[in-house]
Amino acid sequence: MAVFLRARLRARRFVHALGNRGHRRENLETAVAGAFVVEGLHKSFGALHAVNDVSLDIEAGQVHALIGPNGAGKTTLFNCITGFLRPDAGRVLLNGNDVTHLPSHKLVKSGIVRTFQITQVFGELSARENVELAARSREGLNFDFFRKASACREAREDAEESLEVVGLIEKAHLRPEELGHGDKRVLEVAIGLALNPEVLLLDEPTAGMSRTETERIARLVRQIAERTSVLLVEHDTEVVLSISDQITVMTQGRVIAQGPPGQISQDPQVQDAYLGAVEVGED
Ligand SMILES: Nc1ncnc2c1ncn2[C@@H]1O[C@H](COP(=O)(O)OP(=O)(O)OP(=O)(O)O)[C@@H](O)[C@H]1O
Ligand SMILES: [Mg+2]
């Protein structure tokens with residue numbers, strides 16, 4: 001069964017579990033799983049409070065942007081959420097389950113998947129092989145000597161589908177170094193999708209991209225949110241304001257503002273700290 005069909009089935013189970021408790025999406029066909037909560041997360045490096053009492057809440061199927069100047073603690077927060085760093089305090093909940101101290105491979109299995117600020121792919125493999133490897137690792141097939149043919153076929157199909165969703169299918173035979181910078185970042189998104197996430201964390205997916213490539217990623221992120229919740233670190237304020245449902249603004253480890261784009265762009269504290277004189281249209 002293809003990856004997104006499974007995600008949709010999971011979504012239905014999730015919505016069913018919610019019962020009629022006022023969840024904002026009533027159409028089961030379009031609802032996605034991935035309600036995600038970070039509560040009072042804290043991480044220090046010696047005397048530096050890199051992440052200081054950060055809380056955020058992502059409704060299923062939303063794009064939530066995390067913005068802030070360099071060194072604000074965005075990547076550290078990602079590292080704490082995804083099991084690469086152990087937070088000193090706080091909790092991470094996915095669909096109501098506490099996943100705070102799970103190791104990163106278990107977090108991936110539970111549905112929390114990330115991409116990195118710096119591209120991380122296997123250079124000697126083709127784009128297709130990179131994505132397929134991710135799909136297989138999701139099933140633990142890399143380490144299963146007697147892996148089932150059907151599971152391998154499923155991984156292959158999921159890889160194809162992920163490549164198609166991100167628009168890389170025509171270039172799937174190329175190795176990462178043969179892809180342009182934009183395509184390489186898109187490949188990482190495909191790898192993330194092949195892991196069948198409920199929440200996909202993207203760390204600066206448009207870094208170093210041209211305007212056209214940036215717009216492509218922005219469209220892709222919106223498209224992905226139809227299937228999985230997205231937490232996005234992004235420096236391009238135009239992108240952030242145009243594609244996000246909610247925005248969290250961090251400076252020096254702390255959250256200084258949270259809300260929808262219209263509210264954030266008008267917030268004087270945010271303007272001072274980060275956005276400057278960004279002009280936005282009607283929200
Ligand atoms: N492993 C570490 N050891 C010590 N200090 C660290 C470590 N990782 C990050 N820091 C510090 O924590 C602070 C937050 O860094 P972080 O990389 O999370 O910021 P960021 O918001 O992702 O910045 P950028 O926008 O530049 O990517 C910085 O002052 C950084 O120097
Ligand atoms: Mg960072």
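Colleague: Why is the crossing of H5 and H6 called right-handed?
Modeller: The crossing of H5 (residues 149–166) and H6 (residues 181–194) is right-handed, because that word is used when the near helix is turned clockwise from the far one by less than a right angle, and left-handed when it is turned anticlockwise. Helices here are DSSP runs of H or I with at least four residues, numbered from the N terminus. This is a predicted model, in which local features need pLDDT of at least 70, side-chain atom pairs count only at pLDDT 80 or more, and totals for chains, interfaces and linings use all residues. Residues are numbered from 1 along each chain as written, chains are lettered from A and ligands numbered from 1 in the order written, and side-chain values use heavy atoms, without hydrogens and water.

Colleague: What makes H5 oblique to H6?
Modeller: Their angle is about 135°, with the axes 9 Å apart. H5 is therefore oblique to H6, since under 35 degrees is roughly parallel, over 145 roughly antiparallel, 65 to 115 roughly perpendicular and the rest oblique.

Colleague: How do you know that H4 is roughly parallel to H6?
Modeller: H4 (residues 127–138) packs against H6 at about 25°, with axes 8 Å apart, so H4 counts as roughly parallel to H6.

Colleague: What makes the pair between Asn70 and ligand 1 a polar contact?
Modeller: A polar side-chain atom of Asn70 lies 2.9 Å from an oxygen atom of ligand 1, and a polar contact is a pair of N or O atoms within 3.5 Å.

Methods. Axes are lines fitted to C-alpha atoms, for helices over the stretch in contact, and angles run from 0 to 180 degrees between N-to-C directions. Helices (H or I, at least four residues) and strands (E, at least two) are DSSP runs, numbered from the N terminus. A polar contact is a pair of N or O atoms within 3.5 Å; within protein, one must be able to donate a hydrogen and the other to accept it, and residues adjacent in sequence count only if both atoms are side-chain atoms.
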